[in-house]
Amino acid sequence: MVKKKTFEAALKGLEEIVRLMESGDLCLEDAVKSYESGMKQSKYCLDLLDKTEKKISIIAKDNDGSVKIVPFKDE
Amino acid sequence: MTEKKPGHIYTVSKLTKEIKFLLEESYPFIWVTGEISNYAVPASGHSYFTLKDQQAVISAVMFKNQKRNLKFNPETGMKIIGMARLSLYEPRGSYQLIFEHLEPEGAGSIQIAFEQLKTKLADKGFFNKDCKKSIPFLPSVISVISSGTGAAVKDIINVAQRRFPNCCLEIFPVKVQGAGSDNEICEAIKLVNQRLKSDLIILARGGGSLEDLSAFNSETVAKAIFKSFVPIITGVGHETDFTIADFVADLRASTPSAAAELALPGKNSLLQRITSLQESLNRSLKKKIGALNQTIGNLIARLKSPEIIVYDFRFKLEEYELRLMNMINHYVHYNKEKARWLTEILYTRNPVKKIIEHRQYVKILSESLTLHFQKNFQEKKTIYLELQSKLQAFNPEAVLKRGYSISRFVLDKNIIINSSDVKINDQIEVVLSKGRLITRVEKING
């Protein structure tokens, strides 16, 4: 699966931004920019955590070789 | 080795030594298979037995140290396969096998095959750390290749749900033991790679005997795992079971549940982490803004109002004014003093005084002049009178009056003093006191 940005990269980015802001070396403009970007990253991370649909399916091949997907039934 | 000459006589020790050398050199480490008989463990803890087959018997020993690694208890009648070296015990003249390793015969072949395959695949680089793909931090879809009905799948689903409640799993049911199971596993791995839906595979199976796990020790499955582009975590058997698949896999978990643990991060801890990072962001920005406010406040406090600046200038101006006034007063005073002083000096040198002095002097001089002049005049007058009287005395008229006369040439009026200057017939004028006579010389008396 190819994605624009992996969850891990976004999380790393977020942590880096927080570290940068906590160092206190930023000017106000950069701090606000970092804050906005950090909030964007954290929203992205949270979205990614929630976006995944709960889905468990069984994938098997038929006798003729075609792939068959059936929902998993947890008894 | 001693040369075997005809007639050479060995001692027993010598011969035994040579036999020992030959045996031990020729069979340093060998694999032997046979049936155990007369198995005995004396107080020493070493195991003594004979190994036999239909035709032959050989005595054998396994020392206590080596026995520690055994996974089974040998006993009489058991068929075994083992690795040993051949040794000769000189005092008794008997040779025996000293076993380093023993296995029941059936399992032994599988074990050997396992070791051989492991070596082969290791040589091919299947286990190289460099070839391991990294496991995604948060897989979007996980493919589970396992028995569709076994406990392994249920464990994986349970753990996955617990760690990440809305995770997405694809289950690929396969035979995990028995004939054809290795092919089914390979097919499933290939299918996952073809579908490109998931970014992680969990290959799992519950515990079982070495034979049960044979598919996971097969070369075909090893190759399929190695070729897979999708990273694979294995969770096969129990804690202590190691399969070839485990060695090839990108990550090995000890059990199916552990595989699910490794595959998924805990969602709650992730949420907590993100939330705390958000809080940090908020806090940092607030802190930043607070600090900037403080700074601005300080700066404003330090900023002078124009009023104060004007006051400052006013004070300064007044001070300068005062200094200027003082300076002028001082200057005027000084000059007044100087003028007074100069006036005094001037006064002492008043020209009127000089005039009086000069006038006095002139007066003195004029008086002196008058005095001198009169004196001089009197003297001169006296001298004149004297001279006048003297002159009176010399006046020719007076002489003439007394009857004297003056003779002079008519022509040049020169007075004749000497008669030799006159010639006869010269006309001569004779001046008398009254009147004059013109005469002619008639005779000269010289």
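Visitor: What is the bridge partner of Ser146(B) in β7(B)?

Guide: In β7(B), Ser146(B) has Pro173(B) as its bridge partner. This is a predicted model, in which local features need pLDDT of at least 70 and side-chain atom pairs count only at pLDDT 80 or more, while totals for chains, interfaces and linings use all residues. Residues are numbered from 1 along each chain as its sequence is written, and chains are lettered from A and ligands numbered from 1 in the order in which they are written.

Visitor: How do you know that β6 (residues 141-146) of chain B pairs with β7(B)?

Guide: Strands (E, at least two residues) are DSSP runs, numbered from the N terminus, as are helices (H or I, at least four). Two strands pair if DSSP finds at least two bridges between them. β6(B) and β7(B) run parallel and are joined by 6 bridges, so they pair under that definition.

Visitor: What makes β1(A) and β7 (residues 168-173) of chain B a pair?

Guide: These strands have 4 bridges, in the parallel sense, and the definition asks for at least two. Ile58(A) stands opposite Ile171(B) in β7(B).

Visitor: How many residues of chain A are in contact with chain B?

Guide: Contact means that C-beta atoms, placed from the backbone, lie within 7 Å. On that basis, 30 residues of chain A are in contact with 29 residues of chain B. On the chain A side, α2(A) gives the most, with 10 residues.

Definitions and conventions. Contact = placed C-beta atoms within 7 Å.
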